[in-house]
Amino acid sequence: MNWHQRLAADLDSAGQAHLRRRRISLASPQGAEVEIGGQRLINFCSNDYLGFANHPKLAEAAIEAAGRWGVGSGASHLVCGHLDIAEQFEADFARFVGAEAALLFSTGYMANFALLNSFFDREGLILQDRLNHASLIDAGRLSRATMRRYPHTDMVRLEQMLSEAQDRPTMVASDAVFSMDGNIAPLEKISALAHRVDSLAYFDDAHGFGVLGQQGRGSLDDAGLSPAGNNIMLATLGKALGSFGAVVAADQVFIDSLIQSARPYIYTTALPPTVVATNAAALDLLQQEDWRVAHLGQLIEKFRSGAETLGLDLVDSPTAIQPLMVGDNEKALSCSAYLKEAGFLVTAIRPPTVPVGSARLRITLSAAHTSSQVEQLLERLMEMRQRELL
């Protein structure tokens, strides 16, 4: 069997198991409503939590930046690609989240790779929650340090693992908000346990920043913490901020060390000025229009209350991510197709993204949604419940 045959067989096998992944092509900007194949759909699967992705102020910032700085950075940050607007954004972001310093990265994936590969040699130890995002898991596997995973949010087991680490340089890495479940990690306990033994505590707040905390400062702020001391925070900029990229916030010594040793930072072309300017505009807008965070919180409460009344099997999530558990892969795809026919875009999430037997509809809410749109979705879910589709 040659390569073409092997790969074709693997694709066929995935299709038969209802696990083959397929892209959908949008014919419209990202938003609460999108167009796919000529059909207008209410979008309940985007990570555009605040409705910034198509905001005119962000588009204006990108256009203005292109006119002033051009469209490319031209080099890596340490050659000649580090623009003053990038440095200003880093300072503004650090100030906003209560950190000494911050550092821009091209993606959250690369930022996680940088963090888990910059502070350790083979003597190091990285402890991770079993349900962490793939980028954290992959980064840990590629690190020279030893990686071990503790059961999901199990603080008793984490404490045991930290005590067993003895004097090894150690980091605890966890999603702050788990991307497929929407639940929040026990951040205060992780931070306290890590600090007790001088371990680093690294929190990937891709899905909490812009959603939780005062003015959307994120999960750490919501838990009464900050990216200070041994706490390090990641925020991605392509979700709630509606743009692209990622930023790490921490004490100055950690940021300076990353500039010296983080290969995904040193050897990557800096973000284009249009993207940096868009991020800066989004950070300003987050503070100017903080009603969006409050409105999103109201929609989350409305949806959860309605789903509870319907007896739907939701994960216990206080965030914009509201997974509706289905279990069977084929059934999850059928539910997604039914909703699409009814005018709603809701993605079916299946293994290996989630554990086997836990296929789900990953419903995400946005400040761009109206109360009426949430009510319409609940009506369709009630209809599906009555027809025993859920």
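In this predicted model, residue G67 belongs to helix α2, which spans residues 56-69. G67 has a relative accessibility of 70%, above the 50% limit, and therefore counts as exposed. Between G67 and N230 there are 163 residues of sequence separation, and their C-alpha atoms are 41 Å apart in space.

Three strands form an open sheet in the order β10-β13-β12, and their pairing is antiparallel. Because β10 (321-327) and β12 (347-349) each have a single partner strand, they stand at the edges, and one side of each has no neighbour in the sheet. On average, neighbouring strands of this sheet are turned by 30 degrees against each other, direction ignored. Six bridges join β10 to β13 (residues 359-364) in the antiparallel sense; G327 has A359 of β13 as its bridge partner. Helix α14 (residues 329-341) packs on the sheet and touches β10, β12 and β13, with its direction at about 35 degrees to that of β13.

The largest pocket holds about 1400 Å³ of space. Its lining comprises 49 residues, of which R22, I24, T347, A348 and I349 are the closest to the centre. Elements that contribute two or more residues to this lining are α1 (3-16), α5 (108-118), α14, β11 (344-345) and β12. Helix α14 contributes the most, four residues.

The second largest pocket has a volume of about 390 Å³. Among its 18 lining residues, N132, A134, P352, T353 and V354 are the closest to its centre. Helix α6 (residues 134-142) supplies the largest share of this lining, three residues.

The composition of the two linings is as follows.

Methods. Residues numbered from 1 in each chain as written. Predicted model: local features only at pLDDT ≥ 70, side-chain atom pairs only at ≥ 80, totals over all residues. Heavy atoms only, no water. Pairing = 2+ DSSP bridges. Axes fitted to C-alpha atoms, helices over the stretch in contact; angles between N-to-C directions. Contact = heavy atoms within 4.5 Å. Buried < 20%, exposed > 50% of the residue type's maximum accessible area, 1.4 Å probe, protein only. 1 Å grid on protein atoms, 1.4 Å probe; cavity = no way out; pocket = protein on both sides within 12 Å on 5 of 7 lines; lining within 4 Å. Points joined across faces, edges and corners; volume = space filled by probe spheres on them.
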